[in-house]
Amino acid sequence: MALKSIEFSFVIPIYNEEESIAELVEQIKLVCTKMKVSYEVLFIDDGSTDKTLQILKSLSSKNRDIKVYSFRKNLGKSPALSLGFQESKGKYIVTLDGDLQDDPKNVPSLYKKLSEGSFDLVSGWRKDRKDSFTKVIFSKVFNKFASMFWGTKLHDYNCGLKLYTQDAAKSLNLYGGMHRFIPLLVAQEGFRITEVPVVHDIRKYGKSK
């Protein structure tokens with residue numbers, strides 16, 4: 001019997017977010033059920049020191065749609081994303097952070113934009129960003145200079161919530177701090193990129209990692 005194809009892969013780098021995991025999994029399930037799409041969730045545990053990995057393994061043992069990968073130590077977001085892209089089977093790949101600030105309910109609007117415009121990457125734009133004043137100002141400065149120097153005009157380069165075609169995601173080989181420049185890197189490979197405003201939620205548990 002032929003294996004069922006996967007339409008959406010959710011790639012989630014995660015570090016010390018034990019309180020958020022179960023809720024995030026449920027949010028993804030609800031969105032994909034509403035969209036009537038098949039999906040998988042790939043968690044890349046980036047050397048967590050709390051119960052994150054334990055909880056992930058427990059969820060994975062009960063749900064074949066959840067896959068867990070882990071690093072022995074904290075390596076950073078870029079290697080985590082690269083591993084997730086490499087292991088993803090979906091036609092489309094969604095990235096989001098594991099702290100519940102990136103709401104999976106935004107995925108249908110990202111998909112609509114990607115489909116209607118024949119884009120390869122749709123990046124979220126946290127138009128009303130729920131972060132500290134310092135973080136917001138630093139991000140605005142970074143985005144302005146990035147657009148100015150590299151000519152890729154986006155309001156929010158570094159939003160964790162993005163939707164890729166499989167080809168665009170798998171073209172990336174990220175390391176160091178390269179995840180901050182993903183739209184630029186994808187554009188340099190000849191793929192089409194754009195952005196849409198997304199809801200950005202207040203951090204519900206703990207503090208920024």
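A pocket, on a 1 Å grid over the protein atoms alone, is an open set of points with protein on both sides within 12 Å along at least five of seven lines; a cavity is a set of points where a 1.4 Å probe fits but cannot get out, and lining residues have an atom within 4 Å of a point. Grid points are joined across faces, edges and corners, and a volume is the space filled by probe spheres set on the points.

This is a predicted model, in which local features need pLDDT of at least 70, side-chain atom pairs count only at pLDDT 80 or more, and totals for chains, interfaces and linings use all residues. Residues are numbered from 1 along each chain as its sequence is written, and side-chain values use heavy atoms, with hydrogens and water left out.

**View 1. The second largest pocket holds about 350 Å³ of space.** Its lining has 11 residues. Closest to the centre are Lys4, Ile6, Tyr39, Arg64 and Asp65. By class, the lining has 4 nonpolar, 2 polar and 5 charged residues. (Ala, Val, Leu, Ile, Met, Phe, Trp, Tyr, Cys and Pro count as nonpolar, Asp, Glu, Lys and Arg as charged, and the others, Gly among them, as polar.)

**View 2. The chain has 7 helices and 7 strands.** Helices (H or I, at least four residues) and strands (E, at least two) are DSSP runs, numbered from the N terminus. Along the sequence they follow the pattern β-α-β-α-β-α-β-α-β-α-β-α-α-β. Of the 209 residues, 48% are buried. (Buried means under 20% relative accessible area, exposed over 50%, partly exposed in between, with a 1.4 Å probe and protein chains only.) Contact means heavy atoms within 4.5 Å. Among contacts between residues at least 6 apart in sequence, 79% join residues at least 24 apart.

**View 3. Helix 4 (residues 107-117) has a buried side.** Val107, Leu110, Leu114 and Gly117 are the buried residues here. They share one side of helix 4 because they cover an arc of only 125° around the axis. (The arc is that of the directions from the helix axis to the C-beta atoms.) Their cover includes strand 1 (8-14), helix 1 (21-35), strand 4 (92-95), strand 5 (121-125), strand 6 (162-165) and strand 7 (193-197). The face turned away from the buried side carries exposed Lys112 and Glu116. Just after helix 4, serine 118 takes a positive phi of about 55°.

**View 4. The largest cavity holds about 60 Å³ of space.** The count is 1 cavity of 30 Å³ or more. Lys77, Leu81, Thr95, Asn158, Cys159, Gly160, Lys162, Tyr164, His179 and Ile182 line the largest cavity. The lining divides into 4 nonpolar, 4 polar and 2 charged residues.

**View 5. Serine 78 sits in helix 3.** Serine 78 counts as buried because its relative accessible area is 0%. Leaving out residues up to four places away in sequence, serine 78 touches Leu174, Tyr175, Gly176, Gly177, Met178 and His179.

**View 6. Tyrosine 175 lies in the loop between helix 6 (166-170) and helix 7 (182-188).** Tyrosine 175 counts as exposed because its relative accessibility is 53%. Tyrosine 175 and serine 82 are 93 residues apart in sequence. Their C-alpha atoms are 7.9 Å apart in space. Tyrosine 175 is also one of the residues that serine 78 touches.
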